[in-house]
Amino acid sequence: MKFFVYHTPEEVPDKAVPDCAIAIDVLRATSTIAAALESGAAAIHVFSDLDALKTASESYSPEERLLAGERGGARVEGFDLGNSPLDHTEARSKGRHLFMSTTNGTRCLHRIQNAPMVATAALTTRQAVVDFLNHHNPEQVWLVGSGWEGSYSLEDTVCAGAIVHGYLTQHNLDLKDLAGNDAAIAAVSLYLQWQDHLLDLMYCASHGQRLLRLELEDDLKYCAQLDVLNLVPVQTEPGVLALAR
Ligand code: 3SL
């Protein structure tokens with residue numbers, strides 16, 4: 001297996017397609033996708049365009065669907081939810097289809113949706129993602145950070161590093177044999193620097209600070225947790241995610 005880390009969807013090579021591509025948006029889209037599936041959501045339908053989202057959601061009854069929209073960190077007016085993982089409880093989400101649009105996370109998923117295997121990762125699901133990779137053993141893995149409007153986000157790269165580091169220690173491998181690009185090596189270094197202080201990293205990160213200004217500190221605390229959910233969201237058709245079977 002070779003890991004390639006891309007800090008943003010814009011960095012992803014145009015013509016190549018890996019065996020497996022994994023979208024990461026720790027703050028907060030991929031943490032929220034995992035939390036929704038953990039709460040029993042039937043599937044997550046991801047859209048860039050809010051009008052297309054509303055139209056597609058109409059094929060489900062109001063009881064069967066939830067509309068989740070975020071722009072600039074805040075909930076889109078008229079939507080049921082914003083983009084907080086803490087919104088999802090069994091009472092609210094179980095059995096329902098989540099129609100979701102966020103600033104960067106959905107863009108990242110669209111960028112990689114043509115890969116034969118597409119999944120999402122967060123710090124909360126890191127070990128489950130390592131187990132998923134062990135099981136499927138893809139040759140080339142892209143770990144793609146969502147970033148913020150085209151620029152690099154610390155928390156996505158630390159998560160990519162946590163995944164590579166988890167795989168590496170489990171197999172007792174050398175980083176130079178696993179890393180497909182220099183960014184993979186840098187991501188592991190970032191993780192090693194911060195592995196015992198992940199919440200502090202969220203406080204330093206520019207998007208963490210943006211969320212703190214919106215009084216979303218509890219979201220930071222939730223998203224900084226490592227290995228607390230044993231599930232992997234996988235793409236079942238372009239733009240739709242459900243639990244890996
Ligand atoms: O950009 C995104 O996709 C979101 O995760 C950003 S936010 O954390 O909801 O503000």
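**A walk through loops and a helix pair**

Let's begin at Arg28, which sits in the loop between strand E2 (20–24) and helix H1 (29–38); helices (H or I, at least four residues) and strands (E, at least two) are DSSP runs, numbered from the N terminus. The peptide bond leading from Leu27 into Arg28 is cis, with omega near -5 degrees.

Keep in mind that this is a predicted model, where local features need pLDDT of at least 70, side-chain atom pairs count only at pLDDT 80 or more, and totals for chains, interfaces and linings use all residues. Residues are numbered from 1 along each chain as its sequence is written, and side-chain values use heavy atoms, leaving out hydrogens and water.

Next, look at a pair of helices. Two packed helices are described by the angle between their axes and the distance between the axes. For H5 (residues 126–136) and H6 (residues 154–171), the axes come within 9 Å and cross at roughly 55 degrees; axes are lines fitted to C-alpha atoms, for helices over the stretch in contact, and angles run from 0 to 180 degrees between N-to-C directions. H5 is therefore oblique to H6 (under 35 degrees is roughly parallel, over 145 roughly antiparallel, 65 to 115 roughly perpendicular, and the rest oblique).

Now follow the chain to the loop between strand E8 (140–145) and H6, where you will find Glu149. Glu149 has a positive phi of about 45 degrees although it is not a glycine. Is Glu149 buried or exposed? Its relative accessibility is 58%, so Glu149 counts as exposed (buried means under 20% relative accessible area, exposed over 50%, partly exposed in between, with a 1.4 Å probe and protein chains only).
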